[in-house]
Amino acid sequence: MKYNRQAFCDLSDKEKLKIIKDELSLVTHNGTTKDDLLMLLDWTYNRLIKGDLEV
């Protein structure tokens, strides 16, 4: 995995959003595994779509 799950969980919401924004801006996701993308998507869904976080 490119991202350590525990290290990601320990980041602030602002830092997590920056990682997600950076990942989405990439043309290719070399080094980013499916598990990484699922972890980022899971966090985004749970925080943004459920309304727990405002951007």
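Contact here means heavy atoms within 4.5 Å. With that in hand, I checked contacts between residues at least 6 apart in sequence, and 58% of them join residues at least 24 apart.

**Ground rules.** I am working from a predicted model, where local features need pLDDT of at least 70, side-chain atom pairs count only at pLDDT 80 or more, and totals for chains, interfaces and linings use all residues. Residues are numbered from 1 along each chain as its sequence is written, and side-chain values use heavy atoms, with hydrogens and water left out.

**Fold.** I looked up the secondary structure and got three helices and zero strands (DSSP runs numbered from the N terminus; helices are H or I with at least four residues, strands E with at least two). The order along the sequence is α-α-α. The radius of gyration is 11 Å against the 10 Å that the globule rule gives for 55 residues, so the protein is as compact as a globular protein of that length. That radius is taken over C-alpha atoms, and the rule is 2.2 Å times the number of residues to the power 0.38. I also noted the span of the C-alpha trace along its principal axes, about 30 × 25 × 15 Å.

**Surface.** Of the 55 residues, 24% count as buried (under 20% relative accessible area; exposed is over 50%, partly exposed in between, with a 1.4 Å probe and protein chains only). The protein exposes about 4,200 Å², and carbon and sulfur atoms supply 56% of that. These areas come from the Shrake-Rupley method with a 1.4 Å probe; for residues, only the protein chains shown count as cover.

**Charges.** I counted Lys and Arg as positive and Asp and Glu as negative, leaving out His and the chain ends. Each charge is placed at NZ of Lys, CZ of Arg, CG of Asp or CD of Glu. The mean positions of the 9 positive and 10 negative charges are 2 Å apart.

**Salt bridges.** How many does a search of the whole structure find? I got three, taking a salt bridge as a side-chain nitrogen of Lys or Arg within 4 Å of a carboxyl oxygen of Asp or Glu.

- E23 pairs with K2 at 3.5 Å, N to O. E23 lies in helix α2 and K2 in the segment before α1, so this bridge ties together parts 21 residues apart in sequence. E23 is buried at 3% relative accessible area, while K2 is partly exposed at 40%.
- D13 pairs with R47 at 3.0 Å, N to O. D13 sits in helix α2 and R47 in helix α3 (residues 34–49), so parts 34 residues apart in sequence are tied together. D13 is partly exposed at 23%, and R47 is partly exposed at 24%.
- D22 pairs with K18 at 2.8 Å, N to O. The two are four residues apart in helix α2, about one helical turn. D22 is partly exposed at 36%, whereas K18 is exposed at 52%.

**K16.** I then turned to K16, in helix α2 (residues 13–25). K16 is buried yet has no salt bridge, and D13, the nearest side chain of opposite charge, is 4.2 Å away. What does K16 touch, leaving aside neighbours within four places in sequence? I listed F8, C9, L11 and W43.

**R5.** My last stop was R5, in helix α1 (residues 5–10). R5 is partly exposed, at 46% relative accessible area. From R5 to L40 I noted 35 residues in sequence and 9.6 Å in space, C-alpha to C-alpha.
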